[in-house]
Amino acid sequence: MFLLCFAFAKAQTSRAYSNEFLNIGVDAAALGMSNAVVAGTGNVNSGYWNPAGLMQLEERELSLMHASYFANIAQYNYGAYAMPIDDRSAFAFSIIRFSVDDILNTTQLIDDQGNINYDRISTFSTADWAFTLSYARESKLDGFSYGGNVKIIRRIIGDFASSIGFGLDIGLQMQRGDWKLGLMARDITTTYNTWSIDEDEFATVQGAVENQNQDLPETTEITLPKLQLGIAREFTFHYDHVLTAEVDLNMRFIQTNDIISSSNVSATPALGLEYGYTDLIFVRAGMGNFQNELQLDGNDNVTFQPNIGIGFKYKGISVDYALTDIGDSSAALYSNIFSLNVDLSVFGQ
């Protein structure tokens with residue numbers, strides 16, 4: 001089924017970067033480790049990173065995150081709730097919103113007589129929404145769990161256009177001693193966004209720039225599958241000191257600028273480290289998003305995105321911070337990110 005859908009999608013028009021807001025990531029703790037968490041994730045945010053990790057939940061959990069990008073022009077918000085169903089299953093629900101508000105629409109700035117009239121300027125907003133329902137189950141094989149996501153994606157561009165899409169993810173986790181393995185397959189049947197375009201609104205911008213926006217855009221957007229593989233190990237020193245290390249490989253089935261790239265598949269590694277003291281204070285660092293960038297002299301230059309973060313946990317409440325793309329050393333998004341995770345059982349005591 002996976003191969004048939006993938007081959008069908010490749011035969012159609014697909015984009016290297018579709019529904020890209022879903023690839024930014026969630027949770028400052030994970031972002032501080034450059035998203036290298038697919039094997040080790042085990043809390044409410046597992047619904048995003050790997051739904052199989054929801055089986056590590058012991059109580060109901062809530063997560064909230066906010067980040068601003070592009071000098072506060074774009075707002076990125078995330079919320080999730082998760083809980084165990086019984087000893088062998090769990091579920092989660094999450095919402096992601098990426099938006100740019102109050103965009104100036106200057107297409108009608110000049111009236112029919114050629115006069116500039118600032119009263120003709122209006123504003124509009126764009127918003128990308130994702131609603132995800134996750135389910136996880138523990139298998140009869142010791143240390144092995146699996147899970148899946150059902151996603152509904154809603155995208156709105158003012159009054160000009162809107163779309164709706166549906167997607168499926170699956171995730172696997174296995175633990176053997178201090179070692180953990182993880183696999184996350186996103187958009188396994190490809191995700192289709194079907195766009196509805198208001199032709200009357202489109203007509204208002206059709207001639208705003210000469211030889212631009214003359215034809216209606218395509219009404220189908222295809223998101224190809226992606227794979228994330230990871231291996232993690234936990235090291236404990238003197239009981240109170242814990243170091244967690246994970247290496248992931250992120251793969252797309254299309255040619256990109258990733259450090260490993262061919263006509264059929266591209267891949268980039270990610271490395272994340274987390275040091276924890278008495279399950280109270282955490283320090284994190286990571287490197288990821290290794291890219292080949294073409295320079296003006298025609299040579300390729302390898303860039304990567306370094307991240308750092310810290311976290312504090314007390315009585316089931318975790319506050320985490322991440323600084324992404326330190327020194328602006330890559331073309332990736334740069335931001336200060338804060339998130340909050342709450343074990344809701346603390347309010348029932």
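Accessible areas come from the Shrake-Rupley method with a 1.4 Å probe, and for residues only the protein chains shown count as cover.

This is a predicted model, in which local features need pLDDT of at least 70, side-chain atom pairs count only at pLDDT 80 or more, and totals for chains, interfaces and linings use all residues. Residues are numbered from 1 along each chain as its sequence is written, and side-chain values use heavy atoms, with hydrogens and water left out.

**Confidence and overall build**

pLDDT is the predictor's confidence in each residue, from 0 to 100. The protein chain averages 86, and 87% of the residues score at least 70. Residues 1-12 stay under 50. For that stretch the model has 19 contacts beyond four places in sequence; a contact means heavy atoms within 4.5 Å. Where pLDDT is low, the predicted coordinates should not be read in detail.

The protein chain has 4 helices and 17 strands. These are DSSP runs numbered from the N terminus: helices are H or I with at least four residues, strands are E with at least two. Of the 349 residues, 43% are buried. Buried means under 20% relative accessible area, exposed over 50%, and partly exposed in between (1.4 Å probe, protein chains only). Among contacts between residues at least 6 apart in sequence, 56% join residues at least 24 apart.

**Salt bridges**

The structure holds 11 salt bridges. Each is a side-chain nitrogen of Lys or Arg within 4 Å of a carboxyl oxygen of Asp or Glu.

| Pair | N to O distance |
|---|---|
| Arg252 and Glu20 | 2.9 Å |
| Arg97 and Asp101 | 4.0 Å |
| Arg284 and Glu274 | 2.7 Å |

Arg284 lies in strand β14 (residues 281-294) and Glu274 in strand β13 (residues 266-277), so their bridge ties together parts 10 residues apart in sequence. Both Arg284 and Glu274 are buried.

Now take Arg252, which forms a salt bridge with Glu20. Arg252 lies in strand β11 (residues 241-252), and Glu20 in the loop between α1 (2-10) and α2 (28-32), so this pair ties together parts 232 residues apart in sequence. Arg252 is buried at 15% relative accessible area. Glu20 is partly exposed at 30%.

Arg97 is partly exposed at 23%, and Asp101 is partly exposed at 35%. A network of salt bridges also links Lys151, Asp169, Asp187 and Lys226.

**A nonpolar patch**

Phe93, Phe131, Leu133, Val150, Ile152, Ile164, Phe166 and Leu168 make a nonpolar surface patch of about 670 Å². Patches are made of residues with over 30% relative accessible area and no salt bridge; like charges are joined within 9 Å, and nonpolar side chains (Val, Leu, Ile, Met, Phe, Trp, Tyr) within 5 Å. The elements giving two or more residues are β4 (122-138), β5 (144-157) and β6 (161-176). The largest share, 3 residues, comes from β6. Leu168 lies in strand β6. Its relative accessibility is 34%, so Leu168 counts as partly exposed.

Thr132 is found in strand β4. Thr132 is buried, at 9% relative accessible area. Beyond its neighbours within four places in sequence, Thr132 contacts Ala92, Phe93, Ser94, Asn149, Val150 and Lys151.

Gln305 sits in strand β15 (residues 300-314). Gln305 is buried, at 13%. Its side chain makes a polar contact of 3.4 Å with the side chain of Asn307. A polar contact is a pair of N or O atoms within 3.5 Å; within protein, one must be able to donate a hydrogen and the other to accept it, and residues adjacent in sequence count only if both atoms are side-chain atoms.
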